[in-house]
Amino acid sequence: MPRILETVVTTLNADGSTHLVPFGLIEEGEHYVVAPFCPSPTIANLERHPFLAAAAPLDIRVIAGCVTGRRDWATCPCERIEGVRLAEALAHMELAVEAIVPDEVRPRFRCRVVHQGLHHPFLGYNRAQAAVLEAAILSTRLHMLSPDKIRTEMDYLRIAISKTAGEAELEAWQWIEEKILAGPTPAGS
């Protein structure tokens, strides 16, 4: 299995606005692969403007917020590419698409790193943050997993929340629980 870095990716929409979405970047040597499922605004954006920024958010609520419809997070200009990145980030990478492997389900955009920046010191891991990240990913698969599987996973992740969560993690967890209770979004919504 390749190493996958969970990040927040920003691309530019056709109107110049920002599309901000949590994304796992697949590491391939010195390159990273972005493989969105079709249909996706990220696909259209990268085909039109082959640049993106990927950031490690300072606040786990950014990832939980993005998967629950809360996408209004501060951004700032990138250093070396035309685009923006998440403003409150531990670090970020600016990437340029070098190759596209077409696929009807999940095209692959192979990217090279143009620039990297470190913005805040990393002071340690928090189990609740990891639990929120896993729950956020789980919440994007409601249409693929059984309710029992989702309930079992959430019960296990809740242990880390109860032991190590601060205010930010508790709020992020609440957003994800609300999404999961609402159930999968019908197709075409």
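With 189 residues, a compact globule would have a radius of gyration near 16 Å, and the protein agrees with that at 17 Å. The radius is taken over C-alpha atoms, and the globule rule is 2.2 Å times the number of residues to the power 0.38. This is a predicted model: local features need pLDDT of at least 70, side-chain atom pairs count only at pLDDT 80 or more, and totals for chains, interfaces and linings use all residues. Residues are numbered from 1 along each chain as its sequence is written, and side-chain values use heavy atoms, without hydrogens and water.

**Fold**
- The protein has five helices and eight strands, as DSSP runs (helices H or I, at least four residues; strands E, at least two) numbered from the N terminus.
- Their order along the sequence is β-β-β-α-β-α-β-β-β-β-α-α-α.
- The C-alpha trace spans about 40 × 40 × 35 Å along its principal axes.

**Packing**
- Of the 189 residues, 41% are buried (under 20% relative accessible area, 1.4 Å probe, protein chains only).
- Among contacts (heavy atoms within 4.5 Å) with a separation of 6 or more, 63% join residues 24 or more positions apart.

**Helix H1**
- Helix H1 covers residues 41–48, and Thr42, Ile43, Asn45 and Leu46 are buried there.
- Seen down the axis of H1, these buried residues fall within an arc of 165°, so they line one face of the helix. The arc is that of the directions from the helix axis to the C-beta atoms.
- Cover for the buried residues of H1 includes strands S1 (4–12), S2 (18–28), S3 (31–34), S4 (51–57), S7 (89–101) and S8 (108–118).

Note on methods
Buried < 20%, exposed > 50% of the residue type's maximum accessible area, 1.4 Å probe, protein only.
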